[in-house]
Amino acid sequence: MNFRNISLTIIFSSLLAGAAPEGSRLPYTPVITPNGSTLDFTMDKGVKVFRLTAEVIKHEIGPGMIINAWGYNGGTPGPTIEAIEGDRVRILVTNKLPEPTSVHWHGMLLPSGMDGVSGLSQRGIQPGETFAYEFTLKQHGTLMYHSHGDEMVQMGMGTMGFFIIHPKKATHKIDRDYALFLNEWFIPPGAATPNPSIMTDFNTFTFNSKAFPGTAPILARPGERIRIRLGNVGQEDHPIHIHGHQFKVVATDGGDIPPAAQYSETTVLVAPGQTRDFEFTATAGDWPLHCHRRHHPMNAMGHDFPNMIGVSQDGIESKIRDKVPGYMAMGEKGMDEMQGMGMQGPENTLPMMAGDGPFGPIGMGGMFTIVKVHDDIPKFTGTADYNAKVKSPDAFGWYKNPPGTIADTVGAGLSPAQRPVPDSGETIYTCPMHPEVKQTKPGNCPKCGMKLVPMEKEKGGNKTHEHH
Amino acid sequence: MNPVKFTLVIGLMAASGALPDDLQDLSERGGAPFKPMREKPEQLQSEIRDRLRDSLTLDDAVRIAAWNNRDIQTVLAEMTASRAERRIGRMPPNPTLEAGIRFGEGERRADYALTVDLSDLLFYPLKWSAAGAIFRRDKMKAAMELRGLIAEVKTSYYRLQAQDRIHGLLVSMLENAQTVDALSERQRKAGNISSLDRAVQEESKQNATLALAGIEIELLSERMNFARLLGIGASETPIVLREDSLEPPPGDPAPDELIRLSVETNPEMSAAREDIFAAKRASTLANWNRLPSLRAGVALEQEGSKSFIGPKVDLQVPLDFGWNAAAKAKAEKQAAGFRLASIQDRTVGDIKAAAARLSAARKAIRYYRDEIIPLREKVVEETQKQYNFMLLGVYQLIQAKQNEYAARRGLIESQRDYWLTHTELERISGGPIPHSATHSGGAQ
């Protein structure tokens, strides 16, 4: 029997609200874990009982890219555990991994024997065994849980999750409460299993184990009070930056920060082992939230890729293509041109830059998500509802900018690239490498000699067909 | 055979004095349809030029060499001399006519005698038989030399074929290296790479240039050798080889089969057997020659008007009864026997070793063709995909292509090694390898 919603408080709330949504029946605003889930519990003589199973899983880290990960209850990060300060909790951990494990309750004030360090505070949980951890929650805040047996491997494979302890009494109302786990991986291009031995040379950076454009957006309505909780048990620190807002860091994994000690900022650095909660009032728009390390909001890229900035390949590209027919020169004018070329990459690998927005390619990846603050976004009705409806960046459409508030070519409406091609019924041919080349007849690109491809007609413009 | 050629061949045979069956035998044993010539008829040169105008097949090359190679013509001339020697050996002993005239006392006296060496007459069949064996031995030796020359022609042809193809690959590799060099030069000018990185790429181009120069020298040298073997001047006509497949046949003969074939047809072994036969005859002859030489005939004496006629006998009074000559002949007979055994041992060993190399070359071909090249192609394909996602760079992509070319070179070299070994095996085993009796050896 599921007792998740039947604490006395909840029953009381339910009686008052009838069939009110989840958010209104709980004594706190439930935490949304984008692309993740929240763990159910049962009650056993006043103890909240949670069940975690550490296991080998298949995880889609981005669109079409499936990795062999280790996680909890079928996911990475594991389901978010939520409880209230003062609760007695029992967490039953079953090990279905191929090696012993244990679970450390990161930042938790608890008896030493419940700290979950293999060999130090307990014996390791052998494969097939179930251990019980039981303690009383003496604090509130954003805490974490993660493996502490062979932790380099097990955390490197994805065994971590949030443990959110709500205060008995909230000091102020939060309209939406999100949790994002920061992590980095090394997954060899074309492979599926993260290499946990890598120490510094990571190539995949994730929010809740999802790389953009696999990250579900953060939703809000203008004026809503939003909290975002960040946790990091990875190898690197991450300066998380939000556009269009100032926020205040209101709590760390050590507890609340007194208001007098809070200050406005737009970027918060989260080091390995830390959590940070920040709050802001949502302003209408579509706003990026991303790690500000330049390579982190990108997907895999080879560090040995030669620097071709400013290097013309005229006359060279065709010679290479004689020997390697699929070759296309890249990098002379930066890497932006890679987007939309639709070239085939290695299997099970995300392109370095991806995602389409209302004005074209977004060209991001990795630790990047979008905070969507729209008037027409429904009020928060619960985590289950969010998880069902919000899966990809284009969920709930794009912000409709008021007239005159979009940057554009000086003195003109749309830039030449954005200008729709008049629909004369003719097929327009363009170069996959040089989109500025457009003509009404098939042929070869005058710049690189590539065969021109027909443009796909769509509202407000044209789009190049993907080609391989 | 067209009438002109047929007439030509017959005419040449007649001119050379070769018997048609001898020529046929030598052709078969020598492994080439050669034409003995005392001088080069214009028609033949014209036909050779015609053949050289088209791309040349291996059969064409062997045929032209058989017709035109100076060494082959030398061997054929020597064969003619050997045949004449055999005829000399086959002639019965000449009788001796003795005549004498004396004057005195107003008279004239004349003596006449006609005698024949009875020993020579008695041993004539033995000498005749030994001369035949020596001729056959010489013919086998000639066939062996011809096989050697034909093997040289084939070896040169296969080398040229392989070098020509490797040359094509090295040209492509140099083009790639030049492209990379040009790209890195532009990178350097744009300020994107250090002079060290630039030098590394430039060195790659120089290495590729050197590799191409090396193969060009080998190619030139082999072309000159090939032209010499064909009996034509290197600059007379440019030789273009037909682009035949270098793939081996489905299977190779078992070494035991080749050894059996060699015992039957190897000219060197046949020559050694003829040597033994001739030595036996010589030994028998030497034994008989221990008897004193006997000449017999008729003598006529005229004295004035009188004539006297009667038998005449000359008997050698021996001081040496031919012991030493008999011992020498016996030793030579033994040496001929040992020589044959030695040739057999060497041939068996050589056949087994060459068959093992042939099998190894076949395995290398299969390995390159079915494993390495597809893998290198896959590496290029996958590198291309990673290049598309900027995971690997253009230099790595081109290096992957260079590695694919290197694998293709490995295949060509393995194919060349296969055919060189095949040619050697033909030469050792003494005849064309019967691929109908082949086995794959598990390396197909």
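Two residues are taken to be in contact if their C-beta atoms, placed from the backbone, lie within 7 Å. Among contacts in chain A between residues at least 6 apart in sequence, 70% join residues at least 24 apart. The structure is a predicted model, in which local features need pLDDT of at least 70 and side-chain atom pairs count only at pLDDT 80 or more, while totals for chains, interfaces and linings use all residues. Residues are numbered from 1 along each chain as its sequence is written, and chains are lettered from A and ligands numbered from 1 in the order in which they are written.

Chain A holds five helices and 28 strands; helices (H or I, at least four residues) and strands (E, at least two) are DSSP runs, numbered from the N terminus. Of the 468 residues in chain A, 40% are buried, that is, 20 or more other C-beta atoms, placed from the backbone, lie within 10 Å of their own.

In chain B, four strands form an open antiparallel sheet in the order 1-2-4-5, where two strands pair if DSSP finds at least two bridges between them. Strand 1 (96-104) and strand 5 (306-315) of chain B are the edge strands, each pairing on one side only. On average, neighbouring strands of this sheet are turned by 15° against each other, direction ignored. Strand 2 (residues 107-117) and strand 4 (residues 294-303) of chain B run antiparallel and are joined by nine bridges. B:Arg109 stands opposite B:Glu303 in strand 4 of chain B. Helix 6 of chain B packs on the sheet and touches strand 2 and strand 4 of chain B; its direction makes about 25° with that of strand 2 of chain B.

Elsewhere in chain B, the axes of helix 3 (residues 42-53) and helix 4 (residues 58-68) come within 11 Å and cross at roughly 155°. Axes are lines fitted to C-alpha atoms, for helices over the stretch in contact, and angles run from 0 to 180 degrees between N-to-C directions. Helix 3 of chain B is therefore roughly antiparallel to helix 4 of chain B, a term for angles over 145 degrees. B:Leu44, B:Ile48 and B:Arg51 of helix 3 of chain B make the contact with B:Asp60, B:Ile64, B:Trp67 and B:Asn68 of helix 4 of chain B.

The contact between the chains takes 31 residues from chain A and 26 residues from chain B. Helix 6 (118-189), helix 10 (323-388) and helix 11 (394-429) of chain B each supply at least two residues of the side of chain B that touches chain A. Helix 6 of chain B gives the most to that side, with eight residues.

Key. Parallel < 35°, antiparallel > 145°, perpendicular 65-115°, else oblique. Buried ≥ 20, exposed ≤ 12 C-beta atoms within 10 Å, placed from the backbone.
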